[in-house]
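User: I have a new structure open and would like to go through it piece by piece. Can you take my questions as they come?

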Amino acid sequence: MISKKIVLHFPQHLVDQPIVHRLGKDFQLSFNILKAYITPREEGVLVLEVDGEPRNYDKGLEYLAKSGVRVQPLAQDVVLRKEKCIHCGVCIPICPTGALRVTAVTGEVGLDKEKCIACELCVNVCPYRAMEIAF
Amino acid sequence: MAKTIQEINSKIKQGRAVVVTAEEIIEIVKHEGVKTAAEKVDVVTTGTFGPMCSSGAYFNIGQAKPKIKLGGGHAFLNDVPAYAGFAAVDLYVGATALPEHDPRNQVYPGRFTYGGAQVIEDLVAGKDVRLSATAYGTDCYPRKKLETWINIKDMNEAVLFNPRNCYQNYNVAVNLSDKVIYTYLGMLKPHLGNANYCSAGQLSPLLNDPQYQTIGIGTRIFLGGGVGYVVWQGTQHNPGVARKPNGVPQAPAGNLAVMGDLKQMKPEWLRGAAMQGYGVTLTIGIGIPIPVLNEDVCRATAVKDEDIWTQVVDYSEAYPQGVPGSLGEVNYQQLRSGMITVRGKRVNTGNLSSYPKALEIARTLKDWIRSGDFLLTEKVASLPAAESGYACRPLKERLITQ
């Protein structure tokens with residue numbers, strides 16, 4: 001069983017297609033919608049946490065690609081900019097999943113991308129704009 | 001055997017001074033005792049890197065041709081209002097000043113991404129800043145309008161001058177209400193969702209010299225990455241607050257007014273901060289050396305996080321309404337552990353002041369002193385002490401009638 005967080009970009013002509021429904025039903029994948037919105041250009045963006053067997057997951061990705069949906073892993077979109085971060089720690093109690101935490105030895109703030117659900121609360125809370133989430 | 005600052009400076013010039021950080025002295029005193037530590041160690045360096053709102057900088061931009069008198073007129077730096085009430089071309093920009101019409105600030109809670117603090121950071125970083133000014137014009141200063149790029153390297157003077165910095169201890173803020181609130185101590189989640197504090201604790205300058213024995217007017221310090229000086233007590237200096245038996249205040253107490261040449265400071269240690277829903281402020285790096293003159297001074301520098309206590313205050317109702325009182329006391333070891341208990345509830349903590357950066361400042365100052373580049377100064381006057389009666393009072397509002 002694997003669990004992956006992915007970002008799906010739906011071009012305009014696909015916005016009314018039951019693609020995610022098919023993804024779940026045809027490939028035995030369960031999913032949790034972390035974020036969903038329509039961009040100003042009327043494209044759909046969905047951040048999903050997808051669980052299932054690795055083979056089914058790969059087939060599901062293939063289906064998405066063939067349908068014209070652009071898929072990207074979430075992990076590469078969440079960045080803690082080290083050159084901006086002052087390691088104060090004001091973000092730590094704000095993070096709902098504990099993805100932001102203090103490294104024991106150095107006392108510096110670190111981001112565990114696997115735990116991040118891209119809720120974006122840290123983005124505005126950081127006074128130095130050190131957190132960047134782009135997708 | 002007491003030492004003098006003169007003796008310590010002599011050792012510094014010879015490269016023989018024993019300098020340690022406020023973290024290292026804790027271990028030294030623990031293993032060797034105060035008496036031996038006081039004999040062995042010459043200087044303890046302290047540090048802090050946190051938001052300090054009562055800050056700003058003044059500049060002399062040089063006279064234009066034809067001449068202009070900004071005093072009495074209006075001036076803006078990157079659309080942030082600068083105070084133009086001094087003479088012809090002297091300007092002061094405060095860290096918390098905001099542009100008059102920034103759409104990002106108009107809708108609650110507001111982003112507050114650019115203000116005086118960011119102007120100061122941009123200038124220190126060597127960036128060009130847009131000066132836009134109007135004046136009423138006089139016979140000797142006829143010009144009425146000035147629009148120009150300015151840069152710190154072209155200014156005659158650029159001086160960081162901060163009326164209140166380096167607070168000796170501060171509150172822990174919590175939110176008892178059922179709505180998220182935005183404060184200068186950050187975003188506070190409802191129902192004791194988080195507890196934010198702001199201190200370098202055992203590294204913090206005035207917490208290592210709680211009775212202001214060595215830190216005073218004229219003390220040379222690390223300020224914003226360069227050299228600065230303590231010039232006065234800070235505004236709201238409140239030395240008479242309750243203290244623990246070790247002399248360390250258990251609530252916000254003293255503070256410092258500091259100044260230094262902005263031209264030799266670095267943007268790494270003068271960072272503009274955008275506090276969501278609140279405003280902008282300047283996060284400043286300050287490091288103060290403490291000459292270990294005797295056992296008393298040495299004992300004070302060995303203060304540990306668990307010996308420094310502070311009050312938990314509700315910022316949803318009690319603080320804004322000026323209702324005194326505390327929800328309980330916690331120490332900095334508990335705060336730094338990541339969790340404290342308030343009213344029986346376990347609450348995650350967040351610090352606005354960076355401990356790793358404070359340590360870096362203490363270590364940098366230690367290097368400067370050991371290399372002979374930085375000599376200590378003798379204070380020329382003391383800060384008002386706890387017994388002095390000097391106190392911070394609230395405003396007495398008096399109705400203005402005809």
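**Strands, helices and contacts**

Analyst: Strand S2 (residues 43-45) of chain B pairs with S20(B) over 3 bridges, in the antiparallel sense. In that pairing, B:Thr45 stands opposite B:Pro289 of S20(B). Keep in mind that this is a predicted model.

User: Which strands make up that sheet, and in what order?

Analyst: The sheet is open and has 3 strands of chain B, in the order S1-S2-S20, with mixed pairing. Strand S1 (19-21) and strand S20 (289-291) of chain B are at the edges with a single partner strand each, so one side of each has no neighbour in the sheet. From one strand to the next, the twist averages 25 degrees.

User: What lies across S1, S2 and S20 of chain B?

Analyst: That is H7(B), which runs at about 175 degrees to S1(B).

User: Now domains. What does the domain assignment give for chain B?

Analyst: It gives domain 1 (5-52 + 161-378) and domain 2 (58-158) of chain B. The centres of domain 1 and domain 2 of chain B, taken over C-alpha atoms, are separated by 31 Å. In chain B, 20 residues of domain 1 are in contact with 19 residues of domain 2.

User: Which element gives the most to the domain 1 side of that contact?

Analyst: S18(B) does, with 6 residues. S18 and strand S19 (279-287) of chain B each supply at least two residues there. The residues on this side of domain 1 of chain B divide into 12 nonpolar, 5 polar and 3 charged.

User: Let's look at burial. How many residues of helix H4 of chain B are buried?

Analyst: In helix H4 (residues 116-124) of chain B, 8 of the 9 residues are buried, so the helix is largely enclosed by the rest of the structure. Among them are B:Gln118 and B:Glu121, along with B:Val119, B:Ile120 and B:Leu123. After H4(B) comes B:Gly126, with a positive phi near 85 degrees.

User: And strand S17 of chain B, how many of its residues are buried?

Analyst: For strand S17 (residues 256-261) of chain B, 5 of the 6 residues are buried, so S17(B) is largely enclosed by the rest of the structure.

User: Which strands is S17(B) joined to?

Analyst: Strand S10 (residues 157-165) of chain B pairs with S17(B) in the antiparallel sense over 5 bridges; there, B:Val159 has B:Asp261 as its bridge partner. Strand S16 (residues 226-233) of chain B also runs antiparallel to S17(B), joined by 5 bridges, and B:Gln233 has B:Leu256 as its bridge partner.

User: Over to chain A. How many helices and strands are there?

Analyst: Chain A has 3 helices and 8 strands. Along the sequence, the pattern is β-α-β-β-α-β-β-β-β-α-β. The C-alpha atoms of chain A fill a box of roughly 45 × 35 × 20 Å along the principal axes. Of the 135 residues in chain A, 31% are buried.

User: Which residues of helix H1 in chain A are buried?

Analyst: In helix H1 (residues 19-27) of chain A, these are A:Val20, A:Leu23 and A:Phe27. Seen down the axis of H1(A), the buried residues fall within an arc of 75 degrees, so they line one face of the helix. An α-helix has 3.6 residues a turn, so residues three or four places apart point the same way.

User: What do the buried residues of H1(A) pack against?

Analyst: They pack against strand S2 (30-38), strand S3 (44-52) and helix H2 (54-67) of chain A. On the other side of H1(A), A:His21, A:Lys25 and A:Asp26 are exposed. H1(A) is followed by A:Gln28, which has a positive phi near 50 degrees.

Methods:
Residues numbered from 1 in each chain as written. Chains lettered and ligands numbered in written order. Predicted model: local features only at pLDDT ≥ 70, side-chain atom pairs only at ≥ 80, totals over all residues. Buried ≥ 20, exposed ≤ 12 C-beta atoms within 10 Å, placed from the backbone. Helix = DSSP H or I, 4+ residues; strand = E, 2+ residues; numbered from the N terminus. Arc of directions from axis to C-beta. Contact = placed C-beta atoms within 7 Å. Domains from an automatic or database assignment. Nonpolar A, V, L, I, M, F, W, Y, C, P; charged D, E, K, R; others polar. Pairing = 2+ DSSP bridges. Axes fitted to C-alpha atoms, helices over the stretch in contact; angles between N-to-C directions.
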